[in-house]
Amino acid sequence: MIRGKSGTDPVFPILLSLFLAACTPGGAQDGKKGAKGDAPPQPVAVTTIEAAPRAVPVSFEAVGRTEGSRDVQVRARVSGIVERQLYGEGDAVKAGAPLFRIERAPYEIEAAQARAALAEVLARRELAQQEMERLKGLADRRAISQKEADQAASTARQTVASVQMAEARLRQAELNLSYTTVNAPIGGITGRALQSVGTLVQPANDSALLTTITRGDPIWVRFALSEAEYTRLRSTDAKGIEVQVELAGGKEHPSKGKLNFAGSTVDGATGTVQMRAELPNPKNTLLPGQYVRVRVLAGTQQAIVVPQTAVLQNETGRFVWIAGADGKAVPRPIRAGAWLGENWVVLDGLKAGDAVIVDNLARLRPGTPVQAKKAS
C-alpha cells in the first residue's frame, strides 16, 4: 500500500466528504428533486366531441350594399315658375300622385289659341268641301271647265291637311298644359325637393331635376363573389338558391330573397363576379345605401362541424387539437368553411371518428397526455 508523505491513507478524506454531503439538508433535497423529475406528467382533463359528417347548408358570405329596385329622377318637362310643392319630403307616394305645380297660365293660353285655330281650319274645310261638290256638279254638266273643278278638289284636300295640323298643335298644347302638374312616375319614397317654390325651371338645364323617387319594396342588394365561389354556385340548382341579409347590428332581415342578376364577366382587378339579389321589404326595414352582410344559401352538403372555440390559428393556418389513440394531444391542420351559428364548417382535415378537443386548449402542447371525456 502506498502512503503519502504524512503517512495517512488518501482514500479516507474522500469517503468522509461524501458522507458529510449526503447528511446535509441540501443534499437530501437534491436527491428528492431528482426523484420527482423522473415522474411522468399528469394528464390534462379535456372534453372531446366525435367528428361526424352531417348535412350543412352550402353558403357563401359577402358584404353588400342595398339600393332601390327602381330609382327615378323627377324632372320638369316644360318651362315655368314652380308655384306649389304638393308632397312632403320623404313621404311614400303612389304612382300618379301630384308632386309639383308649374304655372299654368301660359299653357292655358296656348291651348286656347290652338283650339281657335282648329275651329278656323274646320270651317275652311267645310266650305272647301261644299265648293268642291258644287263645282263637280257644274263640271259634270260642262258648265265650267274641268280645271276649275280640279282646283276646288285640291283646295278641299289642303284644308283636310290643315285640320290635321291644327289638331296636332292642339294636342301638343294640351300635353304641355298637363305637364304643368308634375306627377310621380312610380310609387315609392320621395327624396328632398331640389327646387324651391318660385324657381324658374327649364327642361334644357339642371333646374329641370325636381326630386327623386326610390322604390324600396322590393329592395335590391349588390355584392360580389369570388371566381371560385361563383363556379360552385353555378353548379347548384338556381331555383334553390336563397339570399339572407344580416343588418349591421347582427339582426337578420325577416325575409329571404332570390338572385335576380349575375355578372357575365370576372373583374380583372378583384377577381370577383358582380351579383344582385331582390328581397321583400314591405316595412322598409332596409334603406337604400345600407351596408349589409349577405349570405347566399345554395342547398346542402355533407361536412363536419366543430365549435368555433375549438378552432385555433397560428402562422401556418387554422387547426384543432385531437385526442389521439395513444392518449396524447395532436394538432390537426384544417380548412374551414363558413360559420354555422356557433359552429364552424370544416371542409378538409378531419375525418369521421376523430376526437376533437373543445376545452383546456391553452394547456395543450404536441404530445401532452390528456384524459378525454366525451361531451354530454
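1. The second largest pocket of this predicted model has a volume of about 170 Å³. A pocket here is an open set of points on a 1 Å grid over the protein atoms alone, where a 1.4 Å probe fits, with protein on both sides within 12 Å along at least five of seven lines, and lining residues have an atom within 4 Å of a point. Grid points are joined across faces, edges and corners, and a volume is the space filled by probe spheres set on the points.

2. The lining of this second largest pocket consists of Val72, Gln73, Val74, Arg75, Arg77, Tyr179, Thr181, Val182, Asn183 and Pro185. Two or more of these residues come from each of S2 and strand S6 (181-183), and S2 supplies the largest share, four residues. Strands (E, at least two residues) and helices (H or I, at least four) are DSSP runs numbered from the N terminus. By class, the lining divides into five nonpolar, three polar and two charged residues, where Ala, Val, Leu, Ile, Met, Phe, Trp, Tyr, Cys and Pro count as nonpolar, Asp, Glu, Lys and Arg as charged, and the others, Gly among them, as polar.

3. The largest pocket holds about 450 Å³ of space. It is lined by 23 residues, of which Ser59, Glu61, Arg295, Ala338 and Trp339 are the closest to its centre. Several elements give two or more residues to this lining, including helix H5 (227-234), strand S13 (291-307) and strand S17 (335-340), while S2 gives the most, with six residues. The lining of the largest pocket is made up of 10 nonpolar, six polar and seven charged residues.

4. Ala166 lies in helix H4 (residues 146-178) and counts as buried because its relative accessibility is 7%, the limits being under 20% for buried, over 50% for exposed and partly exposed in between, with a 1.4 Å probe and protein chains only. Beyond its neighbours within four places in sequence, Ala166 is in contact (heavy atoms within 4.5 Å) with Ala117, Leu118 and Val121. Leu122 is 44 residues from Ala166 in sequence, and their C-alpha atoms are 9.0 Å apart.

5. For the protein chain as a whole, the secondary structure comes to five helices and 20 strands, and 33% of the 376 residues count as buried. Among contacts between residues at least 6 apart in sequence, 75% join residues at least 24 apart.

6. On the basis of these values, residues are numbered from 1 along each chain as its sequence is written, and side-chain values use heavy atoms, with hydrogens and water left out. Local features need pLDDT of at least 70 and side-chain atom pairs count only at pLDDT 80 or more, whereas totals for chains, interfaces and linings use all residues.
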